[in-house]
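Please look through the sequence and the model shown here, and then read the report that follows.

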Amino acid sequence: YTSYYHTMINPSVYMDVDGKYRGLDHNIHQAKGFTNYTIFSLWDTYRAEHPLLMLMKPNEATDMVKSMIKHQQQSVHGLLPVWSHMANDNWCMSGYHSTSVLTDAITKGADVNKEEALKAMVVTSNVSYYDGIGDYIKLGYVPFDVNGTAASTTLEYAYDDWCIYQLGKALNKPEEEIAVYAQRAMNYKNLYDKEHKLMRGKNKDGQFQSPFNPLKWGDAFTEGNSWHYTWSAFHDPQGLIDLMGGQQGFNQMMDSVFILPPVFDDSYYGGVIHEIREMQIMNMGQYAHGNQPIQHMLYLYNYSGQPWKAQHWIREVMDKLYTPNPDGYCGDEDNGQTSAWYVFSAMGFYPVCPGTDQYVMGTPYFKQMKLHLENGKTVQISAPGNSDENRYIASMTVNGKTLTRNYLTHKELMNGAKITMKMSSTPNKQRGVRESDFPYSFSKEVR
């Protein structure tokens, strides 16, 4: 409940009682038919905070999306919010992740002007002078010798471009009009280094940055290193699996995250910043849960035939990194994101790829949990044998029907659902291992 409270602090209402608010152009605007919001810390919150609000508070979440569209229309740059703060934008962090929030909300039924939303997304993605977008469009990546956070920014743009493609496709836009975004969505592959099996910064001449230290924080990766960001193809885990030579190679690389020592050989920041210190205190190898980029990574085992490993590590994180003590919070709250991860993970599922209607399975934290949805429906999650020892899902039913796939859909939840899981102290290595059980990957759509 503490975490759930944290998720409800921001975004916050930003208008007077009569609906007037100061817009990004510093003129006074009238909110008609919606409540205007601000504090969009989008580099953090697109991952789980906004999807949680769309599940539990869809009316407020829809108003937030409408506020983002108005922000873009009032922007002299034509940009959707990056880090909206009152009548300003802090331009903090990278990506244009409003595209994720808009696509996710519309996919899940938000009543907004879809054409306005798509237009705002397309305009934002083509502001060539903003944070390497011009080079990204020309080269297929943001060059490291031009932009100090080039690799992480490229990975984030590629996912955001997939969001634009998805919305365009949902609106039945001509393929020739949106194909460019399908192509841009694959730009993450341009930074894959076969030698290290990791993402790596690339210079404008097409050469990888050198020297390359995958443990180094900073450089081509904002607030993280290559081991944290390599998993950032939210929309295409299968593409990552293919790059790494298949499921076995992918799982070995995933396992390595927890084996590598929680140290760094160097830091772009000139010392140990708090995110690095938190990773070292957590003592889970290179898994830096105190910062956002790697938080979805545990769930990727569901795409590679080993869902029981996701179940193991998710319980480890929940037990070790969230405790009711003064030092019991594992890093930055970042406007609800780190708590939203906990709330979703306590339910037993997580939105790995906002913009799809899927929630990827983890492991439930309680023996029983009920979600009271705004539409009057109830989701009941039951795991009567659940314990720290019995953390593995042996079998699962939804409304009495056996479910082997590694995800639930938004529609299943919104219709009301009774989800029952039989828990075990040993993993069921026959469940969720078929490709038909795996969640969405863009590569499978375009094959």
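Predicted model: local features only at pLDDT ≥ 70, side-chain atom pairs only at ≥ 80, totals over all residues.

At what angle do α8 and α9 pack, and how far apart are their axes? The two helices pack at an angle of about 155°, with their axes 7 Å apart, where axes are lines fitted to C-alpha atoms, for helices over the stretch in contact, and angles run from 0 to 180 degrees between N-to-C directions. That angle makes α8 roughly antiparallel to α9, since angles under 35 degrees count as roughly parallel, over 145 as roughly antiparallel, 65 to 115 as roughly perpendicular and the rest as oblique.

Residues are numbered from 1 along each chain as its sequence is written, and side-chain values use heavy atoms, with hydrogens and water left out.

Helices and strands are DSSP runs numbered from the N terminus (helices: H or I, at least four residues; strands: E, at least two). A second pair of helices can be set beside the pair above.

| Helix pair | Angle | Distance between axes |
|---|---|---|
| α8 and α9 | about 155° | 7 Å |
| α3 and α4 | about 130° | 6 Å |

Returning to α9, which spans residues 175–184, its buried residues (under 20% relative accessible area, with exposed meaning over 50% and partly exposed in between, for a 1.4 Å probe and protein chains only) are Ile-178, Tyr-181, Ala-182 and Arg-184. These residues cover an arc of only 165° around the axis, which puts them on the same side of α9, the arc being that of the directions from the helix axis to the C-beta atoms. On the other side of α9, Glu-176 and Gln-183 are exposed. The cover over the buried residues of α9 includes α6, α7, α8 and α17.

Two single residues complete the picture. Ser-345 lies in helix α15 (residues 337–347) and counts as buried at 0% relative accessibility; Thr-363 is 18 residues away from Ser-345 in sequence and 7.1 Å away in space, C-alpha to C-alpha. Gln-358, in strand β11, counts as buried at 13% relative accessibility.

How values were computed:
Contact = heavy atoms within 4.5 Å.
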